[in-house]
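Please examine the sequence and the structure shown below before reading on. The report then describes how the parts are arranged.

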Amino acid sequence: MKRIITFGTFDVFHVGHVNILERAATLGNYLIVGISSDKLNFSKKQRYPIYSQQDRTRIIKSLKFVDEVFLEESLELKLEYIRKYKADILVMGDDWTGRFDWVKSDCDVIYLPRTPSISTTEIIEVVRNIK
């Protein structure tokens with residue numbers, strides 16, 4: 001069995017999220033998704049997600065091609081998560097290209113192209129600016 005792991009915030013869920021998770025799932029036969037905790041997201045972006053970690057977890061768990069979901073509490077624990085879940089491949093969006101090559105001693109790393117013209121940050125900004 002080939003185990004795939006990926007990480008993300010998955011806030012304001014959109015088709016770009018579906019695309020990357022669906023493509024990640026095709027690379028193996030068991031997809032594990034680490035969802036950034038609210039606290040971790042705040043430390044990365046200086047804002048909390050629109051949807052709570054419980055809601056984001058529920059959304060990702062509902063996808064038929066996702067087998068397991070957990071909360072990612074720290075960026076520094078990536079390798080520990082990879083080992084804990086016995087992942088064969090780490091999948092990330094290509095906006096992270098090269099930034100996770102340091103885990104290649106434990107698993108393969110694949111960077112998938114992001115869906116063009118869609119971004120959670122941009123969606124949030126558009127919604128905030130609607131008067």
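The model is a predicted one. Its open sheet consists of 5 strands in the order 3-2-1-4-5, and the pairing is parallel. Strand 3 (68-72) and strand 5 (108-112) stand at the edges, and each has a single partner strand, so one side of each is left without a neighbour in the sheet. From one strand to the next, the twist averages 25 degrees. In general, the strands of a sheet pair through backbone hydrogen bonds, and the pairing may be parallel or antiparallel.

Strand 1 comprises residues 3-8. On one hand, strand 1 pairs with strand 2 in the parallel sense over 6 bridges, and R3 has Y30 in strand 2 as its bridge partner. On the other hand, strand 1 pairs with strand 4 in the parallel sense over 3 bridges, where the bridge partner of I4 is I89. Strand 4 (residues 89-93) is in turn joined to strand 5 by 5 bridges, and these two strands run parallel. In this pairing, G93 has L112 of strand 5 as its bridge partner.

How many residues of strand 1 are buried? The number is 6 of the 6, so strand 1 is largely enclosed by the rest of the structure. Both faces of strand 1 are covered: R3, I5 and F7 are buried on one side, and I4, T6 and G8 are buried on the other.

**Helix 2**

Helix 2 spans residues 38-45, and its residues D38, L40 and N41 are buried. These residues cover an arc of only 160 degrees around the axis, which puts them on the same side of helix 2. Among the elements that cover the buried residues of helix 2 are strand 2 (30-36), helix 3 (53-61) and strand 3. After helix 2 comes Q46, whose phi is positive, near 55 degrees.

**Salt bridges**

Side chains of opposite charge can pair when their charged atoms come close.

| E72 | K78 | 2.4 Å |

D95 lies in the loop between strand 4 and strand 5, while R114 lies in the loop between strand 5 and helix 5 (120-129), so the pair ties together parts that are 19 residues apart in sequence. D95 counts as partly exposed, at 42% relative accessibility, and R114 counts as partly exposed at 42% relative accessibility.

D101 is partly exposed, its relative accessible area being 31%, and K104 counts as partly exposed at 48% relative accessibility.

Notes. Residues numbered from 1 in each chain as written. Predicted model: local features only at pLDDT ≥ 70, side-chain atom pairs only at ≥ 80, totals over all residues. Heavy atoms only, no water. Pairing = 2+ DSSP bridges. Helix = DSSP H or I, 4+ residues; strand = E, 2+ residues; numbered from the N terminus. Axes fitted to C-alpha atoms, helices over the stretch in contact; angles between N-to-C directions. Salt bridge = Lys/Arg side-chain N within 4 Å of Asp/Glu carboxyl O. Buried < 20%, exposed > 50% of the residue type's maximum accessible area, 1.4 Å probe, protein only. Arc of directions from axis to C-beta. Contact = heavy atoms within 4.5 Å.
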